[in-house]
Amino acid sequence: MDNSLFDNIDRQILAFLSHDARLSLKVLSGKIGLSSPSTAERIRRLEEWGVIQGYSAQINLPAVGYEMQALVRIKPLPGMLHKVEKMIQAMPECIECDKVTGEDCFVMRLAFRSIGQLDELLDGLADYAQSNTSIVKSSPVKRRLPPL
């Protein structure tokens, strides 16, 4: 999608919705200075273009028992790339994973309840990949939009 097709109002809509996807159409319209029907049309267009891919809730992981997170760099053993990728995709505790360039092939974020659980998760990969794990102490910058 060509970014030049966006105007400042589209950027405002994306910024407000990325901050709070539950904003009512009336409140959002008031914030950007358009009528509700015009705002709804712009949102519909952004959805059709695939710019807005969905809406979700942000869950406080410690509140549901996942007190810890780790970043794990994964380097599959020769011939195991696709198997490791499928294993990562099937791991519900993997809350995010990127396929990357460089020495490692994947960087994933795991949410887990205990060090014992982390060991179990990593043990499942040990026959197919090398891993390097860092425990997340805090996240000073949460996932956010870059400047539009």
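The model is predicted, so some limits apply: local features need pLDDT of at least 70, side-chain atom pairs count only at pLDDT 80 or more, and totals for chains, interfaces and linings use all residues. Residues are numbered from 1 along each chain as its sequence is written, and side-chain values use heavy atoms, with hydrogens and water left out.

I start with the cores. By nonpolar core I mean a set of buried Ala, Val, Leu, Ile, Met, Phe, Trp, Tyr and Cys residues joined through side-chain atoms within 4.5 Å. Buried is under 20% relative accessible area, exposed is over 50%, and partly exposed is in between, with a 1.4 Å probe and protein chains only.

The largest nonpolar core has 16 residues, and those touching the most other members are Val-72, Ile-74, Val-84, Ile-88, Met-91, Met-108 and Leu-110. At least two residues of this core come from each of β1 (68-76), α4 (81-89), β3 (106-112) and α5 (115-123). The largest share, four residues, is from β3. Helices (H or I, at least four residues) and strands (E, at least two) are DSSP runs, numbered from the N terminus.

Take Met-108. Leaving out residues up to four places away in sequence, Met-108 touches Ala-70, Leu-71, Val-72, Ile-74, Ile-88, Met-91, Cys-94, Glu-96, Cys-97 and Leu-125. Contact here means heavy atoms within 4.5 Å. Another core, of ten residues, lies apart from the largest one and includes Phe-6, Leu-14, Ile-32 and Ile-52.

Next, helix α2. In α2 (residues 25-32), the buried residues are Leu-28, Ser-29 and Ile-32. Seen down the helix axis, these fall within an arc of 100°, so they line one face of α2. The arc is taken over the directions from the helix axis to the C-beta atoms. Lys-26 and Gly-30, on the other side of α2, are exposed. The buried residues of α2 pack against α1 (8-19) and α3 (36-48). After α2 comes Gly-33, with a positive phi near 80°.

How do the axes of α2 and α3 cross? They come within 9 Å and cross at roughly 95°. Axes are lines fitted to C-alpha atoms, for helices over the stretch in contact, and angles run from 0 to 180 degrees between N-to-C directions. The two helices are therefore roughly perpendicular; the classes are under 35 degrees for roughly parallel, over 145 for roughly antiparallel, 65 to 115 for roughly perpendicular, and oblique for the rest. Leu-25, Lys-26, Leu-28, Ser-29 and Ile-32 of α2 make this contact with Ser-36, Thr-39, Ala-40 and Ile-43 of α3.

For α1 and α3, the axes come within 11 Å and cross at roughly 80°, which makes these helices roughly perpendicular. Here Ile-9, Asp-10, Ile-13, Leu-14 and Leu-17 in α1 meet Arg-42, Ile-43, Arg-45 and Leu-46 in α3.

Last, two loop residues. Gln-58 sits in the loop between α3 and β1 and counts as exposed, at 74% relative accessibility. Gln-58 and Leu-81 are 23 residues apart in sequence and 31 Å apart in space, C-alpha to C-alpha.

Tyr-128 sits in the loop between α5 and β4 (129-135) and counts as partly exposed, at 25% relative accessibility. Tyr-128 and Met-80 are 48 residues apart in sequence, with C-alpha atoms 6.1 Å apart in space. Not counting residues up to four places away in sequence, Tyr-128 touches Pro-76, Leu-77, Met-80, Lys-83, Val-84 and Met-87.
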